[in-house]
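Student: I'm about to look at a structure that is new to me. Could you walk me through a few of its residues and contacts once it is on the screen?

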Amino acid sequence: MADFLKNIIGGSKSSATPVPSADSGFADFADAPPPAPGAFEAAGTGATFGGPAPTAAPYTKWYNIHERYSLSDFRAEGVILIIIAVIFTLHFIGTRLNRAKARAWIKAHAPILTGEFAVVGFSGMPQSPEQDPEKLLKGKSLFEYATYATGRQNVAFMDVKLSLKKRFNPLMTFVETAMGFFMDSFGTPEDWVEAVIYPFDGKEAQVVPAMPGAAELRSKDSKSSFDGFVWAIVNKDRMKQLREDRYDLSITFTKDNSKLPVWTTVMSESAEVTETLLTNELAEAVKKAGDLFDYIIISDQPVDKPKTLDETVPRKRLYVKYRLPSSNNYDDLTPLLSYFVRIPDHLASSAHFRPEVLRKIKAVRDENIKHIQKAAEEEKAEERQAERDRAKKAKRDAELNALDAKAQKKYLEKEREKELRKTSKRQTVRG
């Protein structure tokens with residue numbers, strides 16, 4: 001009975017019962033067993049939320065390029081590739097055409113050049129009979145070619161330049177043609193060649209290097225010189241432009257000659273010069289060249305108008321220019337270049353005129369020299385006047401800065417009165 005009451009009241013406790021700790025709030029978890037790892041079960045790769053796992057990958061076009069795209073999707077790229085192909089094709093064809101035209105010219109004229117000069121081309125070595133004519137020409141660009149010749153009596157050297165149409169760039173050729181059609185200042189694209197001869201004119205000692213054999217040339221110095229003048233045969237279609245572009249031709253007068261065709265004219269400083277230089281052989285060469293002929297010029301004056309006395313020093317040059325035929329047939333043009341190369345010989349032997357003729361030619365040059373001297377003196381006078389004005393202004397500023405405010409006011413008033421008196425005096429003189 002006593003044990004039963006104790007159990008009800010709770011007075012008796014078992015000694016095995018653990019004493020609760022201060023943190024009794026977690027007593028329920030104190031004896032929780034450690035978690036045991038569960039068995040791993042692989043989930044399906046295609047499982048969805050709450051759905052069954054698929055058994056295979058779904059079909060999609062993104063794995064097949066030929067099904068994703070078609071040729072119509074690359075239309076813009078195709079157009080670009082076609083344009084690039086056309087540009088490269090035209091460039092290649094135009095370059096080959098220009099090269100072929102330059103080769104045709106040098107093959108036709110190589111016998112003339114090699115027969116007249118000891119050295120042709122830029123190699124600096126004498127020609128051999130087996131040498132390829134194409135090696136005598138050097139390409140400076142896709143439309144410019146050049147050659148060089150030296151080693152001839154009365155001629156120091158000759159430069160030849162070929163300028164061709166820009167066939168490798170049809171768009172640019174079209175634009176230049178349109179501009180030349182609407183504006184005279186822009187010439188239409190053409191194929192042309194220009195040769196320039198630099199004669200010795202008695203200066204072999206200054207040009208020919210000291211080497212064995214040069215003494216013989218120096219002994220003939222006086223025989224290679226000739227009188228200075230300006231003389232030309234020009235195509236009438238080019239005459240106006242040449243007179244505007246070249247100073248040396250602007251001092252000549254124009255006169256037709258019965259020996260020449262009607263589409264050419266002579267530009268000369270003296271009729272006696274024309275009688276000496278216009279030979280039957282030259283007239284025949286010009287006739288054979290036909291409309292392709294542009295000009296032959298013999299000049300001792302600069303191309304651009306001289307602005308200083310140094311530029312008025314005579315420098316003798318010979319020029320020839322003609323257009324290239326589209327057929328590449330040079331049978332009618334080779335006589336022109338052949339005669340042009342031999343003109344220095346004719347000048348050295350015949351271009352020595354009477355003193356009256358030379359005085360008339362010299363008078364034009366002296367008049368131009370006087371204009372240059374007058375312009376130079378006026379320029380120097382302006383510089384001296386500007387220097388005096390600067391010195392006067394500096395002196396006036398120094399005097400003004402040395403005064404006080406009251407004295408500066410008087411100085412400026414006196415200066416103003418002096419200027420008014422000068423102005424009224426000028427008006428009185430004009431009246």
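Student: Where does Ser268 sit?
Tutor: Keeping in mind that this is a predicted model, Ser268 is found in strand β8, which covers residues 264-268.

Student: Is Ser268 buried or exposed?
Tutor: Ser268 counts as buried, because its relative accessibility is 1% and the cut-off for buried is under 20%.

Student: Which side chain does Ser268 touch through a polar contact?
Tutor: The side chain of Ser268 is joined to that of Thr274 by a polar contact of 3.4 Å.

Student: Changing topic, how many salt bridges does a search of the whole structure find?
Tutor: The search finds 23 salt bridges, and one of them pairs Glu116 with Arg152, where the closest N and O atoms are 2.9 Å apart.

Student: What does the pair of Glu116 and Arg152 tie together?
Tutor: Glu116 belongs to helix α4 while Arg152 belongs to strand β3 (residues 144-152), so this pair ties together parts that lie 36 residues apart in sequence. Glu116 is partly exposed at 22% relative accessibility, whereas Arg152 is buried at 12%.

Student: And which residue forms a salt bridge with Asp191?
Tutor: That is Arg167, with 2.5 Å between the closest N and O atoms. Asp191 is in the loop between α5 (170-182) and β5 (192-199), and Arg167 is in the loop between β4 (155-163) and α5, so the pair ties together parts 24 residues apart in sequence. Asp191 is buried, with a relative accessibility of 6%, while Arg167 is partly exposed, with 25%.

Student: What about Arg396, which residue is its salt-bridge partner?
Tutor: Arg396 pairs with Glu415, and the closest N and O atoms are 2.9 Å apart. This pair links distant parts of the chain, since Arg396 is in helix α13 and Glu415 is in helix α14 (residues 405-430), 19 residues apart.

Student: Now the surface: which residues gather in a patch of negative charge?
Tutor: The patch is formed by Glu377, Glu378, Glu379, Glu382 and Glu383. Glu378 lies in helix α13, which spans residues 355-401, and Glu378 is partly exposed at 42% relative accessible area.

Student: And which residues form a nonpolar patch?
Tutor: Ile80, Leu81, Ile84 and Phe88 form one on the surface, with about 440 Å² of accessible area together. Leu81 is part of helix α4 (residues 75-116), and Leu81 counts as exposed at 58% relative accessibility.

Conventions
Residues numbered from 1 in each chain as written. Predicted model: local features only at pLDDT ≥ 70, side-chain atom pairs only at ≥ 80, totals over all residues. Heavy atoms only, no water. Patch = residues over 30% accessible without salt bridge, like charges linked within 9 Å, V, L, I, M, F, W, Y side chains within 5 Å. Areas by Shrake-Rupley, 256 points an atom, 1.4 Å probe, with all protein chains shown as cover. Salt bridge = Lys/Arg side-chain N within 4 Å of Asp/Glu carboxyl O. Lys, Arg positive; Asp, Glu negative; His and termini not counted. Charge placed at Lys NZ, Arg CZ, Asp CG, Glu CD. Helix = DSSP H or I, 4+ residues; strand = E, 2+ residues; numbered from the N terminus. Buried < 20%, exposed > 50% of the residue type's maximum accessible area, 1.4 Å probe, protein only. Polar contact = N/O pair within 3.5 Å; in protein donor to acceptor, adjacent residues only side chain to side chain.
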